[in-house]
Amino acid sequence: MRIDRHELPGIGTLHAFTTRAGQRVGVIQRRDGLRTLALYRDDDPQAVHRAATLDPDEAHHLVDLLHPTVTVEHVTPVSSGPHVARLAVAAGSPVVGRRVGTLDARVIALVRDGDLVSWPDEGTELRDGDSIVVAGSADAVDAVARLLEPAGVPSGAGQAGRFAPQ
């Protein structure tokens, strides 16, 4: 599936895709923290037919209901050195309760309940809802992303895939 990402100046970021059935769907991540879910008209994929605005808690619960997947948010790559990615720990992920020091890539930051922890202690246990910033080889970052997949999600589902420095 292809997801198009567009910056909306002063508003936020739109992520849009077309389902296999041909329905155009968009999610606007607004700067005020709200999310707007948009369903586009069949006869005009640029025109919104229906929309619903969700607060962060509502959006979180909707994601859990739909089926959690791992999203690999890539940091701008450098020409040489480690690969860096921000990864979300979804509900049902097998790494919940696991220590950051047991992962294949180095955890250089942890975001928990809106608080940033730089260079978390290797004994820090991961929790549902955490985001981690990992650094390592491309293979190590991919391995951590695969570990984060919730139980029952087929391998590779929701991953952005391998990336390389440019």
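Which residues are buried in helix 2? The points below answer this and then describe the rest of the chain.

1. **Helix 2.** The model is a predicted one. In helix 2, the buried residues are Ala-138, Ala-140, Val-141, Asp-142, Ala-143, Val-144 and Ala-145. The helix spans residues 138-147 and is mostly covered, with seven of its ten residues buried.

2. **Overall composition.** The secondary structure of the chain consists of two helices and ten strands. Read from the N terminus, the order of elements is β-β-β-β-β-α-β-β-β-β-β-α. The chain has 166 residues, of which 33% are buried. Its accessible surface is about 10100 Å², and carbon and sulfur atoms account for 52% of that area. Of the contacts between residues at least 6 apart in sequence, 42% join residues at least 24 apart.

3. Five strands make an open sheet in the order 1-2-3-4-5, and their pairing is antiparallel. Strand 1 and strand 5 (48-54) are the edge strands, each pairing on one side only. From one strand to the next, the twist averages 20°. Helix 1, residues 56-66, packs on this sheet and touches strand 4 (35-40) and strand 5. The direction of helix 1 makes about 110° with that of strand 5.

4. Strand 1 covers residues 4-8 and strand 2 covers residues 12-18; five bridges join them in the antiparallel sense. Within this pairing, Arg-5 stands opposite His-15 of strand 2. The two strands, strand 1 and strand 2, form a hairpin with three residues between them. Gly-10, in the turn, has a positive phi of about 80°.

5. The structure holds seven salt bridges. One of them joins Asp-4 to Arg-24, with the closest N and O atoms 3.1 Å apart. Asp-4 belongs to strand 1 and Arg-24 to strand 3 (residues 24-30), so this pair ties together parts that are 20 residues apart in sequence. Which side of the burial cut-off do these partners fall on, buried or exposed? Asp-4 is buried because its relative accessible area is 15%, under the 20% limit. Arg-24, with a relative accessible area of 19%, is likewise buried.

6. **Arg-30 and Asp-32.** The side chains of Arg-30 and Asp-32 also meet in a salt bridge, at 2.6 Å from N to O. Arg-30 is partly exposed, with a relative accessible area of 25%. Asp-32 has a relative accessible area of 51% and is therefore exposed.

7. **Arg-99 and Glu-125.** A further salt bridge forms between the side chains of Arg-99 and Glu-125, at 3.8 Å from N to O. This pair links distant parts of the chain, 26 residues apart. Arg-99 lies in the loop between strand 7 and strand 8, and Glu-125 in the loop between strand 9 and strand 10. Both are partly exposed: Arg-99 at 44% relative accessibility, Glu-125 with a relative accessible area of 39%. Elsewhere, salt bridges that share partners join Arg-2, Asp-4 and Arg-24 into one network.

8. **Val-89, a loop residue.** Val-89 is placed in the loop between strand 7 (83-88) and strand 8 (106-112). Why does Val-89 count as buried? The reason is that its relative accessibility is 2%. Leaving aside residues up to four places away in sequence, Val-89 touches Val-95, Val-96, Arg-127, Asp-128, Gly-129, Asp-130 and Leu-148. The C-alpha atoms of Val-89 and Leu-126 are separated by 7.8 Å, while the two residues are 37 residues apart along the chain.

9. **Positive phi outside glycine.** Asp-113 has a positive phi, near 55°, and lies in the loop between strand 8 and strand 9 (115-118). Asp-113 is exposed, with a relative accessible area of 69%. Trp-119 also has a positive phi, near 50°, and is located in the loop between strand 9 and strand 10 (131-136). With a relative accessible area of 54%, Trp-119 is exposed.

Technical notes. Residues numbered from 1 in each chain as written. Predicted model: local features only at pLDDT ≥ 70, side-chain atom pairs only at ≥ 80, totals over all residues. Heavy atoms only, no water. Pairing = 2+ DSSP bridges. Helix = DSSP H or I, 4+ residues; strand = E, 2+ residues; numbered from the N terminus. Buried < 20%, exposed > 50% of the residue type's maximum accessible area, 1.4 Å probe, protein only. Axes fitted to C-alpha atoms, helices over the stretch in contact; angles between N-to-C directions. Contact = heavy atoms within 4.5 Å. Areas by Shrake-Rupley, 256 points an atom, 1.4 Å probe, with all protein chains shown as cover. Salt bridge = Lys/Arg side-chain N within 4 Å of Asp/Glu carboxyl O.
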